[in-house]
Amino acid sequence: MSEKQRQCCVVMRINLDCNACCRKVRRIVINMKGIDTHMIEKKEDRIIVCGRFRPSDVVVKLQKKMKRRVEILEVEDLTGREEGLHDHETPYEPEHEYSEQQPDHMTMPLLF
């Protein structure tokens, strides 16, 4: 899978002072190609973006448009999960089977 088609979620930090900054970030993110979902957390100064894109491209575009520093806090690659679902894996089997037998002795709760 090419670098550009990588499905991922990126958590970024950018200084969001006011509601106008949030609106501007939202407008920039919505107009980007390849972004499926986004969430802007104003109080934490964070933006979470998910889709098929390169994280560095999103950061560079936000920095140019907003004229602010953007930090990548976390990148979660989601392509591995989708590929793992298509593999033929054996179903989960527990190591031990527990029988429904009653214990040999009776346990009583302690009452004080």
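Lys-65 is partly exposed, with a relative accessible area of 45%. Here buried means under 20% relative accessible area, exposed over 50%, and partly exposed in between (1.4 Å probe, protein chains only). Lys-65 lies in helix α2. Helices (H or I, at least four residues) and strands (E, at least two) are DSSP runs, numbered from the N terminus. This is a predicted model: local features need pLDDT of at least 70, side-chain atom pairs count only at pLDDT 80 or more, and totals for chains, interfaces and linings use all residues. Residues are numbered from 1 along each chain as its sequence is written, and side-chain values use heavy atoms, with hydrogens and water left out.

Lys-65 belongs to a surface patch of positive charge, together with Lys-24, Arg-27, Lys-33, Lys-61 and Lys-67. Patches are made of residues with over 30% relative accessible area and no salt bridge; like charges are joined within 9 Å. Lys and Arg count as positive; His and the chain ends are not counted. Each charge is placed at NZ of Lys or CZ of Arg. Helices α1 (19–30) and α2 (55–66) each supply at least two residues of the patch.

Lys-33 sits in the loop between α1 and β2 (35–41). At 81% relative accessibility, Lys-33 is exposed.

## Overall fold

The protein chain has three helices and four strands. Their order along the sequence is β-α-β-β-α-β-α. The chain has 112 residues, and 28% of them count as buried.

Contact means heavy atoms within 4.5 Å. Among contacts with a separation of 6 or more, 70% are between residues 24 or more positions apart. The accessible surface of the chain comes to about 9,300 Å², and carbon and sulfur atoms hold 50% of it. Accessible areas come from the Shrake-Rupley method with a 1.4 Å probe; for residues, only the protein chains shown count as cover.

## Salt bridges

The structure holds five salt bridges. Each is a side-chain nitrogen of Lys or Arg within 4 Å of a carboxyl oxygen of Asp or Glu.

Asp-17 pairs with Arg-68, with the closest N and O atoms 3.3 Å apart. Asp-17 is in the loop between β1 (7–14) and α1, and Arg-68 is in the loop between α2 and β4 (70–77), so this pair ties together parts 51 residues apart in sequence. Arg-68 is partly exposed, at 25% relative accessibility.

Glu-71 and Arg-69 meet through their side chains in another salt bridge (3.8 Å, N to O). Shared partners join Arg-13, Arg-69 and Glu-71 into one network of salt bridges. Glu-71 is partly exposed, with a relative accessible area of 28%.

## Glu-41, a buried charge

Glu-41 lies in strand β2. Its relative accessible area is 18%, so Glu-41 counts as buried. Glu-41 forms a salt bridge with Arg-46, the closest N and O atoms being 3.0 Å apart. Arg-46 is partly exposed, at 29% relative accessibility.

Leaving aside neighbours within four places in sequence, Glu-41 is in contact with Leu-16, Arg-46 and Ile-48.

Technical notes: Patch = residues over 30% accessible without salt bridge, like charges linked within 9 Å, V, L, I, M, F, W, Y side chains within 5 Å.
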